[in-house]
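Please walk me through this structure.

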Number of protein chains: 2
Amino acid sequence: MRATVYHNKFDVRIDQVPDPQIKEPTDAIIRVTHACICGSDLWPYRGLDQYQEGWRLGHEFMGIVEEVGKEVKTVKKGDRVISPFTFSDGSCEFCHKGLYTSCIHGGFWGGANNDGGQAEAMRVPLADGTLVVVPPETSNDEKLLKSILPLTDVMGTGHHAAVAAGVRQGSTAAIVGDGAVGLCGVLAAKRLGASRIIMLGHQPERLKIAKEFGATDIVEARGDDAVKQVQEMTKGGADATLECVGTKAAMDMAIDITRPGGGVGYVGAPHGSEQLNFSRLFLHNISMRGGIAPVRAYLPVLLKDVLAGKLDPAPVLNMTVDLEGYLLAMLLWISARPSR
Amino acid sequence: MRATVYHNKFDVRIDQVPDPQIKEPTDAIIRVTHACICGSDLWPYRGLDQYQEGWRLGHEFMGIVEEVGKEVKTVKKGDRVISPFTFSDGSCEFCHKGLYTSCIHGGFWGGANNDGGQAEAMRVPLADGTLVVVPPETSNDEKLLKSILPLTDVMGTGHHAAVAAGVRQGSTAAIVGDGAVGLCGVLAAKRLGASRIIMLGHQPERLKIAKEFGATDIVEARGDDAVKQVQEMTKGGADATLECVGTKAAMDMAIDITRPGGGVGYVGAPHGSEQLNFSRLFLHNISMRGGIAPVRAYLPVLLKDVLAGKLDPAPVLNMTVDLEGYLLAMLLWISARPSR
């Protein structure tokens, strides 16, 4: 079968690889029907994360179960399933707490040891603790499937940022970053009851989606000017700020625009954001919560809302390609976002 | 009257200064009966905080009201009062939220513009929003007054660390730092229901108090060895860690010994702790909460517990001197804690 494989910086190929096989009785084999390219795939592609030749890529996918190991109980051959961007046993202390990303037997898709989602098929370890069944009636509704697909990662991650930041009924929320996660953060903040939602970003087509998603204010300024604008319009800062980028500039801005006693919910994979403006955090008791999103915990409830027509993150997916179109899509994305 | 005055690094003197006078109708003048030296007084004394000649010192004090401005309603001449380590109007958005330390009209004791608590008397701005009346029957009970005095700062700060770390019934709490705040953190963790309380420290006489206060485990190792010990004894880290020092080493340790999904409550004034182990925070969704403690919010409830005999932080006060003994006490403290 075909799969994306990392060879070197700016050298990811669609290679022929062995078909996946059941190795453990808790495995499932799925035929991938949909997969996404994530903003975080750009880090290794650009050589900014340590990847090694031969590693698989892709962690956002849906598919049809082809085969299950003999201990698998909750999914069966023919089921349409969606996966979070990590796998987990569903039974350890951390999974029981909803923190599936810290599962003691879990792990990440791709890399040296696991299949990646950007492939025709893949082996899913710990299938019971990982996969969520999508009702079969969705399979003939490509539009609906596209609304479900972002629940693999970006919608759950935006939701995690909003929860971690402490968004609640009537909150003023600010979102740093107009990528897919930031846009999903707008949806999440609105869903959690924020009455004012301020989006900080620079891409016109993304800001248009932000408004459609419920952003009440758009701040296109950068750096100190953006901080000043948000501080003025909120008279002291946002109650809850969603940091959806992961760079130092984004984290600094998130801290600077948050109200005393408020919270920063951060979900951008840290790239240089380790040096925090700790003095402001300390002086104003601003909380820092977040991290890698335990998407598996949020999948069932968000899926229910999508199926009920109450939530639709599909607009964050702005291009559809097949595996052959993958490299073109990567290059187009990078050229459109030189600052990342 | 006499007051402590900063002149230079290692040069704090007991100077004659003008008697305090009512300047605003919201002021009170109090005669100081008790004041503490705080660990944070050591930073400027050692030249590690930017202090200027002539600045007053001291932010932990109790006293008797001598005079009040005409708008003061809640305290009157003759009242025994205790103050938190900041002053606050009690009526702004942040005070209403209990975040008195972010009061828009508030401020810190000492410095260039305000009196310090290490003095015979002082002017207290915003007396209604700041001072808490201590029942008059305590005035003849020096032992009880000594149990109340730590509520000005260290007990409320330890409590804030425990609250921010998320200590609850049955939690495993770890406390980094065996200074007065860390010891009060033990009391606070116990009071909030922690079932296991691990104290990390090195001073035998302080560790003895920690045990008396309710610490169930003592870790005297340093650095990686201490991390390893706590990780092993808790099988994965403490649910809630109280960072009560403020140095980079203490913050690193606090993060490293906290369980996935757990919380670090930090109250040590940051001195070099700006560079965090952000990868661990991110990967395991460990929250960072805390900051300068809004002690005013906690004073009434903690005072009630002290008066009821349910809480007694007095043992953290290990030396009693008069103003003349102040310099000796500072020097003894510094020489006893060379590593700070």
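How do H5(B) and H6(B) lie to each other, roughly parallel or oblique? This is a predicted model, in which local features need pLDDT of at least 70, side-chain atom pairs count only at pLDDT 80 or more, and totals for chains, interfaces and linings use all residues. Residues are numbered from 1 along each chain as its sequence is written, chains are lettered from A and ligands numbered from 1 in the order in which they are written, and side-chain values use heavy atoms, without hydrogens and water.

Helix H5 of chain B covers residues 154-165, and helix H6 of chain B covers residues 180-191. Helices (H or I, at least four residues) and strands (E, at least two) are DSSP runs, numbered from the N terminus. The two axes come within 7 Å and cross at roughly 55°. Axes are lines fitted to C-alpha atoms, for helices over the stretch in contact, and angles run from 0 to 180 degrees between N-to-C directions. H5(B) and H6(B) are therefore oblique to each other. Angles under 35 degrees count as roughly parallel, over 145 as roughly antiparallel, 65 to 115 as roughly perpendicular and the rest as oblique. Residues in contact (heavy atoms within 4.5 Å) include Gly158(B) and Ala162(B) of H5(B), and Cys184(B) and Ala188(B) of H6(B).

Now chain A. The axes of H6(A) (residues 180-191) and H7(A) (residues 204-213) come within 9 Å and cross at roughly 15°. That makes H6(A) roughly parallel to H7(A). Among the contact residues are Leu183(A) and Leu187(A) of H6(A), with Ile209(A) and Phe213(A) of H7(A).

Next, the rings. Over all chains, the structure holds 12 aromatic pairs. Rings of Phe, Tyr and Trp (its six-membered ring) pair if their centres lie within 6.5 Å; planes under 30 degrees apart count as stacked, over 60 as edge-to-face and the rest as tilted. Phe61(A) and Trp109(A) have ring centres 5.2 Å apart and planes at 75°, so this pair is edge-to-face. The pair links distant parts of the chain, 48 residues apart. Phe61(A) is in strand S4, and Trp109(A) is in the loop between strands S7 and S8.

Last, the copies. Chain A can be laid on chain B with an RMSD of 0.0 Å by a turn of 180° and a shift of 0.0 Å along the axis. The two copies are thus related as by a two-fold rotation axis. The superposition is by least squares on the C-alpha atoms of residues with pLDDT of at least 70 in both.
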